[in-house]
Amino acid sequence: MTLGEVKAYQRKQINATKGKIPGTKWGSGAVGKYQIVGSTLKSLQKRLKLPDSAVYDVELQDKMGYELLKDAGYEKYQAGEISKHKFQKNLAKIWASIADPDTGKSAHNQPTGTTLEELEAALLD
């Protein structure tokens, strides 16, 4: 799919659920390997200067995922400038599947089982 098609799909998903995931108060049009939601996709598209015709393939998804890692301080974490705790806290603000290390829940106050060790293992893959 192109970015334009992905954005149209996301709008359709949100409209189909009246903006909410069944059983929750949250909506989601999250797509792809990194489960990127509409507002984040649009922001990344603008930042990376990508046209709607750009194909949302594995390579582009990885590029976008890496941008989000950098937003969370990945390069600072790698350089030892921020702690694991701070990096995970930053990641939790981006991905709902990552637990805030202080609460063990997502930024949306949902339970999640992500640990620092699991995050480190994923980053090494």
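Q: Where does K49 sit, and what makes that place a loop between helices?
A: K49 lies in the loop between α2 and α3 (58-71). Helices here are DSSP runs of H or I with at least four residues, and strands are E runs of at least two, numbered from the N terminus. Keep in mind that this is a predicted model, where local features need pLDDT of at least 70, side-chain atom pairs count only at pLDDT 80 or more, and totals for chains, interfaces and linings use all residues. Residues are numbered from 1 along each chain as its sequence is written, and side-chain values use heavy atoms, with hydrogens and water left out.

Q: Why is K49 called exposed?
A: Its relative accessibility is 73%. Exposed means over 50% relative accessible area, buried under 20%, and partly exposed in between (1.4 Å probe, protein chains only), so K49 counts as exposed.

Q: What makes the phi of K49 worth a look?
A: K49 isn't a glycine, yet its phi is positive, about 55°. Most residues other than glycine have a negative phi.

Q: Why is Q35 called partly exposed?
A: Q35 has a relative accessible area of 46%, and partly exposed is the class between buried and exposed, so that's the label Q35 gets.

Q: Which residues are in contact with Y56, and how do you know that they touch?
A: Contact means heavy atoms within 4.5 Å. Leaving aside neighbours within four places in sequence, Y56 has contacts that include M1, L3, V31, I36 and M64.
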